[in-house]
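Welcome! Here is a short briefing on the structure below, arranged by topic for a first visit.

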Amino acid sequence: MTKDEMLWGNIRFLLLLIFSVAAIYIILCRYILNVPTEDSSELINEINHSERIFEIQHTHMQQAQNIWNEIDSLDFNIHQVQKMDEVKDGIYQLQHIYKENNMNTKFLFGVLSSRMLKCQFDIKEELNSLVHNNALIERIWKNVKPIYKTFAMDNKKTITIIILGLVAMAGILLFLFLPSKSHLANIDFYVYDTNDNFHYEVNERLELLVNDTAAIKGKRLIWEMGNGDTLMRNTDVSYTYRKAGKYLITLKIDGKHSVNKYIKVISGLEHEAIDSIPRINGVSEGYQGEELVFSAEGYGMDTWLWEFGESGTVDAYEQQVVYSYDIPGEYTISLQTNTTKYPVKHRITILPRFEKAEELVTVDSLVLVQNDIKKHLQAIADAKVSQKSVYYEHTNYIRNKYFCIDADQVVVVINDEKYNDFNGYCQGLHFLESNRKKRVSIDDVKIDDLNCVKSIHVTQSYIEK
């Protein structure tokens, strides 16, 4: 056998060996051995989730940038309460995404951006206050400087008095514009229901959050829950009410500053399916030109579209509205909410205005009743907080003598701007409004019906003591 034949024989053997090994490996992997495989669906879900978070972060960044621009555009020298409240609310809303996602650290950017914007807002506010105070001090110094030069060489006593006066004025300015004071004045708290159904319920854990955690750092907080219970902690504040009712929650900071808020705790049985259907509370008969109060009652509503049948279009967008008809006749009031597929209807008859002779008789009777209610409301406002018997005496007098429905269904309109039910208004009038420096004066009272009072219009003001 020649060398070439031996070489080609070795090559054929090597090729056959490689082919045999490859075939045996394929057969083993395919039919005998279990080759581990990994399901990629979970990985794909993680990638999609990460992409969604990136999109949310981008949207969140745009919102934060818009709020930053609004802070830069604020003029703190102008008393823009509504604008500042909107900016603060926007800052606070940024951290909601962290809570909505069960405090997942991937959404911690919401809390960080909220804190950063709050810091920027406080810096701008304090810087503006500092600039304003410096300008005020410079103006005072310009007025005092000529006097100082005139008497500097003549009378050392006068110089001493001027210097002491400047020091006193500087102390007063520092006291008036201390940052801690402005911070405490802006502190508020919010009550969240943990089951996110927009109701405070019996046996539900409620979370209490302060809008500015930096301002309360190092301070002593006391929470009075309105039922005799007291909590003493700054963070992770939660509470569960065991009975339904209205409660006044009070937050006290270092015993010097307090914030109050009313909440209504309901029983879990109070809002069954039938209670989700909105109901219109209002009179079924009124007079031409009379201001009539209507309110929507039901659970889960956050939008209200009122049509009173006179204008042919939507007339109001609030839960409680005041409307007057220009033309007598029969009208159908329609209310559309986010919880209804079709509008809820309410019929009302509008009568012509009283003739003059009839009006004189009616007005005389109304004046007596209105003055009587005014007298007892003033007594409630004048009573000390400790005089609970006086409060209950006058409240029960008005309720028992003039109401034909439950007191918490009677609407009280304050200065044609604010609305409360009768119980909530009287509690605020007695426990919150009056203090050592001022008291509430009940200037005028108007009622809707002489025989069955369902709404009370109160005009009130503050008087220095």
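A residue is called buried when its relative accessible area is under 20%, exposed when it is over 50%, and partly exposed in between. Glu-297, with a relative accessible area of 27%, is therefore partly exposed. Please keep in mind that this is a predicted model.

**Salt bridges**

- A search of the whole structure finds 11 salt bridges, and three of them are described here.
- Glu-297 pairs with Arg-279, and their closest N and O atoms are 3.2 Å apart.
- This pair links distant parts of the chain, since Glu-297 sits in strand β11 (residues 292-297) and Arg-279 in strand β9 (residues 279-281), 18 residues apart.
- Arg-279 is partly exposed, with a relative accessible area of 35%.
- Lys-118 forms a salt bridge with Asp-122, with 2.8 Å between the closest N and O atoms.
- Both of these residues belong to helix α5 (residues 109-151), where Lys-118 and Asp-122 are 4 residues apart, about one turn of the helix.
- Lys-118 and Asp-122 are both buried.
- In the salt bridge between Arg-205 and Glu-207, the closest N and O atoms are 3.1 Å apart.
- Arg-205 is partly exposed at 41% relative accessible area, whereas Glu-207 is buried at 15%.

**Aromatic rings**

- The structure holds 12 aromatic pairs.
- One of them is Tyr-239 with Tyr-241, an edge-to-face pair with 4.8 Å from centre to centre and 75 degrees between the planes.
- Tyr-239 counts as buried at 11% relative accessibility, and Tyr-241 is buried with a relative accessible area of 1%.
- Phe-403 and Phe-422 have ring centres 4.8 Å apart and planes at 90 degrees, so this pair is edge-to-face.
- Phe-403 lies in the loop between α9 (388-402) and β16 (411-414), while Phe-422 lies in helix α10 (residues 422-433), so the pair ties together parts that are 19 residues apart in sequence.
- Phe-403 is buried, with a relative accessible area of 11%, and Phe-422 counts as buried at 0% relative accessibility.
- Phe-294, Trp-306, Phe-308, Tyr-323, Tyr-325 and Tyr-331 form one aromatic cluster.

**A negative surface patch**

- Glu-70, Asp-85, Glu-86 and Asp-89 make up a negative surface patch.
- Helix α3 (residues 81-93) supplies the largest share of the patch, 3 residues.
- Glu-70 is found in helix α2 (residues 41-73).
- Glu-70 counts as partly exposed, at 31% relative accessibility.

Key
Residues are numbered from 1 along each chain as its sequence is written. This is a predicted model: local features need pLDDT of at least 70, side-chain atom pairs count only at pLDDT 80 or more; totals for chains, interfaces and linings use all residues. Side-chain values use heavy atoms; hydrogens and water are left out. Patches are made of residues with over 30% relative accessible area and no salt bridge: like charges are joined within 9 Å, nonpolar side chains (Val, Leu, Ile, Met, Phe, Trp, Tyr) within 5 Å. Accessible areas come from the Shrake-Rupley method with a 1.4 Å probe; for residues, only the protein chains shown count as cover. A salt bridge is a side-chain nitrogen of Lys or Arg within 4 Å of a carboxyl oxygen of Asp or Glu. Lys and Arg count as positive and Asp and Glu as negative; His and the chain ends are not counted. The place of a charge is taken as NZ of Lys, CZ of Arg, CG of Asp or CD of Glu. Helices (H or I, at least four residues) and strands (E, at least two) are DSSP runs, numbered from the N terminus. Buried means under 20% relative accessible area, exposed over 50%, partly exposed in between (1.4 Å probe, protein chains only). Rings of Phe, Tyr and Trp (its six-membered ring) pair if their centres lie within 6.5 Å; planes under 30 degrees apart count as stacked, over 60 as edge-to-face and the rest as tilted.
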